[in-house]
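This report considers a protein model with its ligands, taking up helices, ligand surroundings and individual residues in turn.

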Amino acid sequence: MSEAVADLGVLGMGTMGANLALNFADQGGFTVALFNRTVEKARRVPADNPELASRLAPADTLQAFVASLKAPRVVVVMVNAGAPVDEQIEHLVPLLSPGDILIDAGNADFNDTVRRDAALKDSGILFVGMGVSGGELGARHGPSIMVGGDEAVWQRLKPLLEPIAAKYEGSPCVAWLGPDGAGHFVKTIHNGIEYADMQMIAEIYGIMRDALTMTAAEMAPVFSRWNEGGLSSYLIEIAAVTLKEVDPETNQAMVDVILDEAGQKGTGRWAVIEAQKLGIGATTLEAAVSARGVSSRRNERLAAARIYGGVSTEPSGFAAGEVGLSELEAALETAKIIAYAQGYATMAEASRAFSWNLPLGEIARIWRAGCIIRSVFLDDITKAYETGETVVNLLQAPSFTSRVAAGEGALRGVVAKAALAGVPVPALSAALAYFDDYRRARGTANLIQAQRDLFGAHTFRRLDKEGTFHHHWPAV
Ligand SMILES: NC(=O)C1=CN([C@@H]2O[C@H](COP(=O)(O)OP(=O)(O)OC[C@H]3O[C@@H](n4cnc5c(N)ncnc54)[C@H](OP(=O)(O)O)[C@@H]3O)[C@@H](O)[C@H]2O)C=CC1
Ligand SMILES: O=C(CO)[C@H](O)[C@H](O)COP(=O)(O)O
């Protein structure tokens, strides 16, 4: 039997788990037990990081891994979402005791987290669904961490998580967000916003490439410059870095040799499904998920391009040089506000529906450093919630209304010109359509209600008096 020396254990030595374990050992100064299905990977972690080896304890069996943990135990599971998490829980539960904490730190469908939390209640094992963002480097040096589960358990986890989290103005980017699935729900919306952010950046890149005929090398400094302004964010920064990179094999821009098929692990889709279930129109997130789907059907796209032709070769109407680029920058900034408004509206509605009382301003604060969507813009969201006034939707928050009003024209211009040029901008146009729909006092659902009442006696309400009505429509 191994000696119980480790402060906590990390199970899953993939990209995230190995780096999180190193972070616990390094920034946290904790002794960390390591386990991985492919045992050799756990052994390699201390071998590859000799300076931290004295605080890394790889185990060859799950039993030895658990036995090496000080009680009450803390186990961080960092494996692929879905069945692998259930399998690991099943294997761990007989080895753990009441009062031990079992954390799923991977991405998870929050419905699974709620189910797992409920299933473990009687065992006395304390389950925590915890979202971690920041990719490989974030996990290693400071991620943003979104914690769910019981608040009392969070008090025990705080001393373990605060040292390893990213710091924003000295304060750790980790917070308890609410019970059961709250942490994973927020991480899911984070990823939905990440999808929208990335899609909109890719659409602007598409306009630069196809309508303005700019090379990747010409685009890179534009994104670098934008990274100094209102768009300043990790994703804009890495857009510049990736556009600048040259493929050593062909000497072409790296982005020009990468296949135009985006992968996805499901988190964006979960965000969109939950927004739909809650009745929130997260249309930019939806457009981004759908666009990844279309991107992956490359052969179909190639066939359709042969039938219909590709992007128009007519002059696009986009202004060249600084004028055109400033319009793109303003359009992207405005669409980004709309995308975040949709993500935040989804979280606000979930908070209400599941009685989570999500700290929406605090969420923007812990996203301010460490995570993939970190940006200066999140400060403004934090401030919008800190005023103490109810934020119905970020599009109605005073700090955003003037910015949206100022940028609306640019977004409209870009979407219109892109449509005429045949350059697809699904997320940017979804943002514009949502804005136009959202700010229209008299919509068109009256016609839908009339039709529903005609074919299904679904009834309708009237503008001029209270009550529910059914009209005797002509027979059709
Ligand atoms: N990569 C990223 O940027 C981020 C990833 N995440 C999330 O973190 C989690 C891990 O991702 P990541 O580290 O990138 O993934 P990797 O593919 O790098 O690693 C996957 C890990 O899961 C283990 N695993 C997979 N299936 C099983 C199984 N059935 N039983 C036991 N172990 C299994 C693998 O073990 P083995 O080595 O034996 O195959 C490996 O340790 C995922 O939920 C992911 O969505 C969250 C934030 C960022
Ligand atoms: O959670 C993450 C970042 O926040 C992961 O990188 C995730 O894998 C990204 O999603 P996808 O693989 O679907 O693009």
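Helices, as named here, are DSSP runs of H or I of at least four residues, numbered from the N terminus. The model discussed is a predicted one.

**An open helix and its end**

Helix α14 spans residues 298-308. A residue counts as buried if 20 or more other C-beta atoms lie within 10 Å of its own. None of the eleven residues of α14 is buried, so the helix lies largely in the open. Gly 309 follows α14 and has a positive phi, near 85°.

**Helix pairs**

| Helix pair | Crossing angle | Axis separation |
|---|---|---|
| α8 (residues 182-211) and α10 (residues 234-244) | roughly 40° | within 10 Å |
| α12 and α13 (residues 283-296) | roughly 140° | within 9 Å |
| α15 (residues 321-353) and α19 (residues 426-438) | about 70° | 9 Å |

The axes of α8 and α10 cross at roughly 40°, which makes α8 oblique to α10. The crossing of α8 past α10 is right-handed. On the α8 side the contact involves Asp 197, Met 198 and Ile 201, and on the α10 side Leu 235, Ile 236 and Ala 239. Sorted by class, this contact of α8 with α10 has five nonpolar residues, no polar residues and one charged residue.

For α12 and α13, the axes cross at roughly 140°, and the two helices are therefore oblique to each other. Here α12 passes α13 in a left-handed crossing. From α12, the residues Gly 268, Arg 269, Ala 271, Val 272 and Ala 275 meet Leu 285, Glu 286, Ala 288 and Val 289 of α13. The contact of α12 with α13 comprises six nonpolar, one polar and two charged residues.

The α15 and α19 pair packs at about 70°; these helices are therefore roughly perpendicular to each other. Their crossing is left-handed. The contact is formed by Ala 331, Ala 335, Ile 338, Ala 339 and Gln 342 of α15 together with Ala 427, Leu 428, Ala 431, Tyr 434 and Phe 435 of α19. By class, nine residues of the α15 contact with α19 are nonpolar, one is polar and none is charged. An α-helix has 3.6 residues a turn, so residues three or four places apart point the same way.

**Surroundings of the ligands**

Ligand 1 is surrounded by 23 residues, of which the closest are Gly 14, Met 16, Arg 37, Val 79 and Gly 106. The elements giving two or more residues to this shell are α1 (15-26), α4 (83-92) and β6. The shell around ligand 1 contains seven nonpolar, twelve polar and four charged residues.

Around ligand 2 stand Asn 107, Ser 133, Gly 135, Asn 191, Glu 194, Gly 263, Gln 264, Lys 265, Thr 267, Gly 268 and Ile 372. Helices α8 and α12 (267-277) each supply at least two residues of the ligand 2 shell. This shell divides into one nonpolar, eight polar and two charged residues. Gly 268 belongs to the shell around ligand 2 and also takes part in the contact of α12 with α13.

**Individual residues**

Val 132 is located in strand β6 (residues 126-133). Val 132 counts as buried because 30 C-beta neighbours lie inside 10 Å. Apart from neighbours within four places in sequence, Val 132 is in contact with Met 16, Ala 105, Ala 139, Pro 143 and Ile 145. Val 132 and Ile 145 are 13 residues apart along the chain, and their C-alpha atoms are separated by 4.7 Å.

Leu 69 occupies the loop between α3 (62-67) and β4 (74-77). With 25 C-beta neighbours inside 10 Å, Leu 69 is likewise counted as buried. Residues up to four places away in sequence aside, Leu 69 touches Ala 4, Ala 6, Leu 8, Gly 9 and Ala 33.

The C-alpha atoms of Glu 322 and Val 222 are 9.7 Å apart, although the two residues are 100 residues apart in sequence.

Note on methods:
Residues numbered from 1 in each chain as written. Chains lettered and ligands numbered in written order. Predicted model: local features only at pLDDT ≥ 70, side-chain atom pairs only at ≥ 80, totals over all residues. Buried ≥ 20, exposed ≤ 12 C-beta atoms within 10 Å, placed from the backbone. Contact = placed C-beta atoms within 7 Å. Near = placed C-beta within 6 Å. Nonpolar A, V, L, I, M, F, W, Y, C, P; charged D, E, K, R; others polar. Axes fitted to C-alpha atoms, helices over the stretch in contact; angles between N-to-C directions. Parallel < 35°, antiparallel > 145°, perpendicular 65-115°, else oblique. Left-handed = near helix turned anticlockwise from the far one by under 90°.
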